[in-house]
Amino acid sequence: MFQLYAAIWRVSSGRQIILILMSLAIAALAAVPLDFQKNIINLLTANTLEKEKLFLLGAGMMAAILLSLLLKWVMGYRASTLGEDTIRLIRVRLLDRTDIPGRTRGRQGTLTTAISAEAEELGKFAGSAFSEPVVQIGTLISVIGYIASTQPMLGLIALMMIAPQILIVIYSQSHVNRFIAERVHVLRASTDRLSAEQTAEVKAAILAEFDRIYDTRRRIFIWKLSSKFLLSVINGVGTVAVLMLGGWLVLNGRTDVGTVVAATVGLTRIQAPTAFLIAFYRQVSANRIKFDLLREILPPPPASGKPARP
């Protein structure tokens with residue numbers, strides 16, 4: 001995984017730094033609307049209603065939301081264009097090595113698959129490899145920190161929801177990675193044979209290999225869907241626990257309604273970045289496998305650090 005990120009950083013470090021800075025700004029704004037919402041609800045439940053303060057709080061909340069959305073739009077655009085540039089770079093480098101003696105002989109199908117599909121997925125990932133996890137991890141820290149600062153016990157529940165999900169994903173992804181590598185190897189072998197021999201002569205064997213790909217994908221689906229089910233159960237339990245504990249604290253005069261409402265909304269807010277980080281970890285892990293497979297058909301970089309010549 002370190003080699004994957006090192007390669008991405010070498011070709012896009014300047015643009016990645018800008019994306020990371022924007023990610024930090026977005027994460028810093030994550031809990032701001034929650035604080036405005038808490039203050040608005042507390043104001044509405046007070047004995048006296050200050051209309052001017054209510055409008056000021058509403059304007060501040062809207063401004064924070066708009067600023068965050070604007071930053072997300074700009075970051076998304078820059079990350080997408082960076083991904084497209086990386087796809088083009090990978091494809092150019094693969095094509096530059098097609099006439100290296102012994103490197104691609106008899107492996108035209110492997111090269112075709114790498115250029116069309118594998119380069120596409122790896123390049124898209126490179127565009128958001130640094131910025132997206134910074135945004136989501138920062139959002140988790142910002143929101144959970146805000147909940148914990150208003151009511152530590154509610155913040156503890158939010159934190160406890162994340163730990164078991166991480167363990168489930170790490171365990172299931174190790175199995176998925178093995179099937180991903182197997183699928184890519186089978187697909188490369190099939191396309192090599194299609195390029196080198198008559199399709200009719202190898203049709204039965206290739207169909208059998210396609211069946212193997214189907215079976216491999218089926219096992220991937222089983223692991224992914226099973227882990228998703230468990231994660232959804234944990235999220236449901238966490239939401240009910242916050243409502244029950246928060247209601248008990250309100251009844252005993254140990255917190256206010258606004259804090260419970262803000263914590264409930266914050267809990268739904270952290271579910272989205274948690275789900276993204278789970279999907280992102282799966283993406284990083286799967287792309288690490290594809291990165292290693294691409295390295296198998298590319299020559300090692302020269303010792304001088306200069307681009308290799310055909």
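## Ser 131 and the model

At 0% relative accessibility, Ser 131 counts as buried (buried is under 20% relative accessible area, exposed over 50%, partly exposed in between, with a 1.4 Å probe and protein chains only). Ser 131 lies in helix H5; helices are DSSP runs of H or I of at least four residues, strands are runs of E of at least two, and both are numbered from the N terminus. Setting aside residues up to four places away in sequence, Ser 131 touches Leu 19, Ser 23 and Met 75, where contact means heavy atoms within 4.5 Å.

The model is predicted: local features need pLDDT of at least 70, side-chain atom pairs count only at pLDDT 80 or more, and totals for chains, interfaces and linings use all residues. Residues are numbered from 1 along each chain as its sequence is written, and side-chain values use heavy atoms, with hydrogens and water left out.

## Packing of H1 and H5

The axes of H1 (residues 2-28) and H5 (residues 131-150) come within 8 Å and cross at roughly 20 degrees. Axes are lines fitted to C-alpha atoms, for helices over the stretch in contact, and angles run from 0 to 180 degrees between N-to-C directions. H1 and H5 are therefore roughly parallel to each other (under 35 degrees; over 145 is roughly antiparallel, 65 to 115 roughly perpendicular and the rest oblique).

On the H1 side the contact is made by Leu 19, Ile 20, Ser 23, Leu 24, Ile 26, Ala 27 and Ala 28, and on the H5 side by Ser 131, Val 134, Val 135, Gly 138, Thr 139 and Ser 142. By class, this contact has 8 nonpolar, 5 polar and no charged residues; Ala, Val, Leu, Ile, Met, Phe, Trp, Tyr, Cys and Pro count as nonpolar, Asp, Glu, Lys and Arg as charged, and the others, Gly among them, as polar.

## Two residues of H3

Ser 68 is found in helix H3 (residues 51-96) and, at 11% relative accessibility, counts as buried. Beyond residues up to four places away in sequence, Ser 68 touches Ile 26 and Leu 29.

Thr 81 is also placed in H3, and at 27% relative accessibility counts as partly exposed.

## Nonpolar cores

In the largest nonpolar core, of 21 residues, Val 143, Leu 154, Leu 267 and Ile 270 touch the most other members. At least two residues each come from H5, H6 (152-196), H7 (199-251) and H8 (257-296). A core is a set of buried Ala, Val, Leu, Ile, Met, Phe, Trp, Tyr and Cys residues joined through side-chain atoms within 4.5 Å.

A second, separate core of 16 residues includes Ala 7, Phe 130, Val 284 and Leu 294.
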